[in-house]
Amino acid sequence: MRAVIQRVSQASVTIQHIIRSAIGNGLLVLVGIEDADTPEDIEWLSGKIVNLRIFNDANGVMNISVKENGGDILLISQFTLHAATKKGNRPSYIRASKPEVAIPLYEKMIAQLEKDLGKSIGTGEFGADMKVALLNDGPVTIVIDTKNKE
């Protein structure tokens, strides 16, 4: 799994001119799923997301997690995170899982994040044409790949 995690003051996802989910202070997480992803990847990534200390403490130091500060999470599926751009100018998405593989993993990721965060999270709709709006706070943007745990 590959995730782009953005610390936000607010974020929302709109589908067909209707707001599907909106959050205030928290994390917007874009997640790409590939066939090699496992339940272990989901557990590891979810734990990493909810415990990342990227919110400021009283001294202005990034030392607080979204879980500790009571923030929210908005999770959006995004197959383009697995774009291969080595050849030519048209990205290939061959590494991105097809819906029959990706949807169950996406749903497991939602459940794991809710469990780890201790509350419901906002989501988009898998495969939908979504309009994502955000106010990046910082800006703070972190990229994590479960196949390359740096």
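Asn59 counts as exposed, with a relative accessibility of 68% (exposed is over 50%, buried under 20%, partly exposed in between, with a 1.4 Å probe and protein chains only). Asn59 lies in the loop between β4 (55-56) and β5 (62-64). From Ile49 it is 10 residues away in sequence and 22 Å away in space, C-alpha to C-alpha.

The model is predicted, with local features needing pLDDT of at least 70 and side-chain atom pairs pLDDT 80 or more, while totals for chains, interfaces and linings use all residues. Residues are numbered from 1 along each chain as its sequence is written, and side-chain values use heavy atoms, without hydrogens and water.

Ile49 is among the residues that touch the most other members of the largest nonpolar core, which has 27 residues. A nonpolar core is a set of buried Ala, Val, Leu, Ile, Met, Phe, Trp, Tyr and Cys residues joined through side-chain atoms within 4.5 Å. The largest share of this core, seven residues, comes from α3. A second, separate core includes Ala11, Val13, Leu74 and Met130.

| Core | Size | Some members |
|---|---|---|
| Largest | 27 residues | Ile5, Leu27, Ile49, Ile73, Leu75 |

Leaving aside neighbours within four places in sequence, Ile73 is in contact with residues including Ile49, Val50, Leu113 and Leu117 (contact means heavy atoms within 4.5 Å).

Helix α1 (residues 39-51) packs against helix α3 (residues 99-117) at about 45 degrees, with the axes 9 Å apart. This makes α1 oblique to α3 (under 35 degrees is roughly parallel, over 145 roughly antiparallel, 65 to 115 roughly perpendicular, the rest oblique).

Key:
Axes are lines fitted to C-alpha atoms, for helices over the stretch in contact, and angles run from 0 to 180 degrees between N-to-C directions. Helices (H or I, at least four residues) and strands (E, at least two) are DSSP runs, numbered from the N terminus.
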